[in-house]
Every structure is written in C-alpha cells, then in structure tokens.
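Reader: I've got this one open on my screen. Could you walk me through a few spots in it?

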Amino acid sequence: VPFGPRGSVPAAQALDAPPPPASQDAMYKYYECIMVDPHHKVIREDARINWLCNPVHKHRELRGLTSAGRQGRGLRIRHHGASKRRPSWRAAWKRQNTLSLKRYR
C-alpha cells in the first residue's frame, strides 16, 4: 500500500478506538490502533469486516461511534441518570435549559 504524507494511509479508517496504552515511558503513552482501508479489494470481499465499507460507517471514529468514543460520551452507563446522556449530554443540557413557551397555553 503506498503511503501518503507522514506515513499515513490515505483512505484508512480506524476499526475501533484505541484501548488502554500498550506501553508508556516517562513522557509518552503508546497506543495500538487497527487501521483498515475500506477501498481495498480483500477488505471488500471479506464477509466478517466488509460492513465497514458501507457509506453509513464513514468516519465512525470522528463521530464517537467506536467503543472508546461511546465510553467517552458516557453511553455505557445504564442506571438512574443515564437518560441525561442520550442522545448526547449537550442535547440534554440544551433541552433542559431552553425556555419553551407554547403558542396556545
């Protein structure tokens, strides 16, 4: 696969968000991230992973749809108070802090 600038694969997407650091030293933490090229023929023909090639899965990592993205958004909480987190805490905050005056009241 030809690499783009700075050694990046041009069309690669993260299969999942990075787990806890693989290793670390005094200054840096090193993560492992599985990257997949959805335009590669082998990926498109593999029945276990070709779901990633569908247009609805574009940039899952940027929209917080990976496992660590959902964890960062607080969507793994399933007890009292979890309703304030869905669909997002910003939407819940805006809904609770917006004055809604109905036309006929």
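Author: Helices (H or I, at least four residues) and strands (E, at least two) are DSSP runs, numbered from the N terminus. This is a predicted model, where local features need pLDDT of at least 70, side-chain atom pairs count only at pLDDT 80 or more, and totals for chains, interfaces and linings use all residues. Residues are numbered from 1 along each chain as its sequence is written, and side-chain values use heavy atoms, with hydrogens and water left out.

Reader: OK, where is H59 found?

Author: Phi of H59 is near 55°, a positive value in a residue other than glycine. As for its place, H59 sits in the loop between helix 1 (41–45) and helix 2.

Reader: Is R78 buried or exposed?

Author: R78 belongs to the loop between helix 2 (67–72) and helix 3 (89–96). Buried means under 20% relative accessible area, exposed over 50%, and partly exposed in between (1.4 Å probe, protein chains only). R78 has 79% relative accessibility, so it counts as exposed.

Reader: And what is the relative accessible area of R85?

Author: R85 is in the loop between helix 2 and helix 3. This residue falls in the partly exposed class, its relative accessible area being 32%.
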